[in-house]
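Colleague: I'm new to this one, so please pick a single part and take me through it slowly.

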Amino acid sequence: MAYKSTRGQVAPIGFIDAVLMGLADDGGLLVPQQIPQVPAETLRQWQKLDYAALALEVFSLYVDGEIPRNELKQLIDDSYARFRHPEVTPVHKLRDDLHVLELFHGPTFAFKDVALQLLGNLYSYISKQTGSIIHILGATSGDTGASAIEGVRGKPGIRICILHPHGKVSKVQALQMTTVQDDNVLNLAVEGTFDDCQRIIKELFADVGFKREHHLRAINSINIARVLAQIVYYFHAYFRLAEQGVTGKVNFSVPTGNFGDIFAGYMAKRMGLPIHKLILATNENNILERFVNEGVYEPGEFRSTYSPSMDIQVASNFERYLYYLYGENGATIASFMDQFKTEGRIVVPPEKLAQVHADFAAYGVRNEECLDTIADNYRATGYLLDPHTACGVAAADRLAADGEVTIALATAHPAKFDEAIRLRNIRQTYPAPIAELFDKPQSYVVVNNDNAEIRKQLEAFF
Ligand SMILES: *Cc1c(COP(=O)(O)O)cnc(C)c1O
């Protein structure tokens, strides 16, 4: 399997090089040269596999022998051994037509662990095998940072620096990042928003000289390995419903920020998983809702919401979808992205929008509606949703038609977002690993929203 750029200017590279490259050298994103097709017979065989075994099968299609199967198996087994639930990503039934896919049983209580535990081990493996220096640089709206740090803390040959927006992540998110004392970890708290952090990272990665000199590697979902790891649980969840007698196509409702998770669902659909609609759930930062409903991709004004991991105006993975929407034409995407840079918007014509509607429906959940969804479900079933998951559930309630079965992705544990939960007078007890964070010392450096200042910090650290 070779990987190519959405902007068409990178010669095909293998899986390991694609992981190391992160953002493509031409400014685009890497995608597999073909999307592997999974025939019905293979689907039937996969149905019996446990999570790690299924992950091995899915990954083998994309790694294509570059990592020997027994070593890939070890990497995957190690990655999912740290999950607290034996099924790794269990499915919880809320109603006959609505199931919650719990993706938060990893070390940091958010779905990012599913991909970042694996990516951490993958980087470790690559560093040992190829002697590559791994200096990870990433931006986080809260969950990616904690999860990436947890994936590589203390690992020899790896250093990691994470930028987060100072004061704009939840208390637990901040503690999860800043209480890690391993000296291969640097936390920078930026006086700005997540979009500022992400822009700085993108600019640093786009400076190919700086990236090479400092061996910068990406952990944001611009890294194709993250998307690939997330494909697995779409299959896994579908099989769990099939065991319960659900037949035919299902919807997935996905709380979306950077379009990474839902793009993995799109890949699963293209591979042959019987998915009806991918329901794109956003909050008041609803650029993606507006794109799906109106065909216009244009950032709006930033709003802080109860689901901060989706407080994003520019969705970095969106380019991957656009690439497939336009028939894998790199030149078209390159000119679209140029146009986006100069004019600040992308508009697709009605025939393309019809194609979008064949795969996606979208709904942006307002702040009060998010909290109401949490309170209503808690009262009706005793099940507590985190605010991101609540957006997915609210979108499913609104968009799934009668008779359709929907799996809503639970992307975080409610304990991570207690500030929002308390607004509806719901009291929860923290799981022990979260409660313990409050007594630990923190270390981080506050920096201005300034490219040059952050470069200096990196030059000193890497
Ligand atoms: C990152 C995150 C999201 C958004 O995922 P994307 O891949 O960026 O769309 C949703 N919910 C939670 C809890 C997250 O941490």
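**Cysteines, then the ligand site**

Modeller: Let's start with the sulfurs: there are 0 disulfides here, a disulfide being a pair of cysteine sulfur atoms within 2.5 Å. Take Cys 161, which is in none: the nearest cysteine sulfur belongs to Cys 197 and is 10 Å away. Keep in mind that this is a predicted model, where local features need pLDDT of at least 70 and side-chain atom pairs count only at pLDDT 80 or more, while totals for chains, interfaces and linings use all residues. Residues are numbered from 1 along each chain as its sequence is written, and side-chain values use heavy atoms, with hydrogens and water left out.

Cys 161 counts as buried because its relative accessibility is 0%; the cut-off is under 20% relative accessible area, using a 1.4 Å probe and protein chains only. Cys 391 is buried as well, at 1%. Its closest cysteine sulfur, in Cys 370, lies 4.2 Å away, so the two are too far apart for a bond.

Now for the ligand. Around it are 15 residues, and Lys 112, Asp 143, Gly 257, Asn 258 and Thr 411 come nearest; to count, a residue needs a heavy atom within 4 Å. That shell splits into 5 nonpolar, 7 polar (Gly goes here) and 3 charged residues.

Zooming in on ligand oxygen atoms, one lies 2.8 Å from a backbone N or O atom of Gly 257, and one lies 2.9 Å from a backbone N or O atom of Asp 261. Thr 411 uses its side chain: a polar atom there is 2.9 Å from a ligand nitrogen. On its own the ligand has 380 Å² of accessible area (Shrake-Rupley, 1.4 Å probe), and the protein covers 97% of that.

Methods:
Buried < 20%, exposed > 50% of the residue type's maximum accessible area, 1.4 Å probe, protein only. Polar contact = N/O pair within 3.5 Å; in protein donor to acceptor, adjacent residues only side chain to side chain.
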